[in-house]
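I kept these notes while working through the model on screen, entry by entry. The chain is shown below, and my entries follow.

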Amino acid sequence: AGQKYWLITFVHSMIAALTIVVLFKAYEILQEKKQSRSSSLGACVFIFGIFLAESRWFNRPEVWSHFYGSVFIYILLRHWKIKPTSKHDRLIFLLPLIQIFWTNTHGIFLAGPFLIFCFWLSEIFEKQKFKSELLVIFSLTIFACLINPRGIQGAIFPLHLLSILRHPFYQHTIPEATNPFLD
């Protein structure tokens, strides 16, 4: 659109700044729950943090996955923090809607259902509680992956993308295919 690269850079910079703000909010939730912090949730947040720490913060659609993943982690941590006797967190029901945007923005959108699944397993194994809301949200986000112009083909696109990015030619030419620890 008129080769306004500064506009794209500005938008991506704002998304990166929002991502950092959301991650700080998620960190605050973890600090509040310090005494009963879950090791698997900590590992999940740590792995996603490593993903975000890679040196690919530039004008690529990947910045959207960083943002959406951070929002998912924040909402899931907020839901995780709620006491069993308190009201349910309504923010958790935004995840399927966010998943629709993520599915239509960047190819790493399957990270959304994966994050929900990790939190759900954490509830079962570490708290010995079965929160059916997370299972419902997980199912809805899987369904949300189908809401794209190509339907099931679009939903399984990340698997196709993964096979392409493993090709030796693309491993040296596309930033998403390079090893983030060797850049």
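I began with helix α1: its 28 residues should span 40 Å at 1.5 Å a residue, and I found its end C-alpha atoms 41 Å apart, which agrees. The expected span is taken as 1.5 Å times one less than the number of residues, and helices are DSSP runs (H or I, at least four residues; strands are E, at least two), numbered from the N terminus.

Before going on I noted that this is a predicted model, in which local features need pLDDT of at least 70 and side-chain atom pairs count only at pLDDT 80 or more, while totals for chains, interfaces and linings use all residues. Residues are numbered from 1 along each chain as its sequence is written, and side-chain values use heavy atoms, with hydrogens and water left out.

I looked up which residues of α1 are buried, and the list holds His12, Ile15, Ala16, Thr19, Val22, Ala26, Ile29 and Leu30. Buried means under 20% relative accessible area, exposed over 50%, and partly exposed in between, with a 1.4 Å probe and protein chains only.

I then took Ala26 of helix α1 by itself, and it counts as buried because its relative accessibility is 3%. Leaving aside neighbours within four places in sequence, Ala26 is in contact (heavy atoms within 4.5 Å) with Ile73, Tyr74 and Leu77. The C-alpha atoms of Ala26 and Ser70 are separated by 8.1 Å, although the two residues are 44 apart along the chain.

Val21, also found in helix α1, is partly exposed, with a relative accessible area of 48%. Its C-alpha lies 10.0 Å from that of Phe67, a residue 46 places away in sequence.

**Entry: salt bridge**

How many salt bridges does the rule give? The count comes to 1, where a salt bridge is a side-chain nitrogen of Lys or Arg within 4 Å of a carboxyl oxygen of Asp or Glu. Glu28 forms a salt bridge with Lys25, and the closest N and O atoms are 3.8 Å apart. Both residues lie in helix α1 (residues 5–32), 3 residues apart, which is about one turn of the helix. Glu28 is partly exposed at 42% relative accessible area, and Lys25 is partly exposed at 41%.

**Entry: aromatic rings**

I counted 6 aromatic pairs in the structure; rings of Phe, Tyr and Trp (its six-membered ring) pair if their centres lie within 6.5 Å, and planes under 30 degrees apart count as stacked, over 60 as edge-to-face and the rest as tilted. One of these is the edge-to-face pair of Phe72 and Trp102, with 5.3 Å centre to centre and 75° between the planes. Phe72 lies in helix α3 (residues 62–81) and Trp102 in helix α4 (residues 95–103), so the pair ties together parts that are 30 residues apart in sequence. I found both Phe72 and Trp102 buried. Trp64, Phe67, Tyr68, Phe72 and Trp102 form one aromatic cluster.

**Entry: α5**

Helix α5 (residues 111–126) has 16 residues and reaches 22 Å from its first C-alpha to its last, close to the 22 Å expected at 1.5 Å a residue. Among its buried residues I noted Leu115, Ile116, Phe119 and Trp120, and also Ser122 and Glu123. Just after α5, Gln128 takes a positive phi of about 50°.

**Entry: nonpolar surface**

Which residues form the nonpolar patch on the surface? They are Leu110, Phe143, Leu146, Ile147, Ile152, Ile156 and Leu159, with about 630 Å² of accessible area together. Patches are made of residues with over 30% relative accessible area and no salt bridge, like charges being joined within 9 Å and nonpolar side chains (Val, Leu, Ile, Met, Phe, Trp, Tyr) within 5 Å. Areas come from the Shrake-Rupley method with a 1.4 Å probe, and for residues only the protein chains shown count as cover.

I placed Ile147 in the loop between α6 (132–144) and α7 (152–155), where it is partly exposed at 38% relative accessible area.

**Entry: whole chain**

Among contacts between residues at least 6 apart in sequence, 69% join residues at least 24 apart. The accessible surface comes to about 11000 Å², of which 70% belongs to carbon and sulfur atoms.
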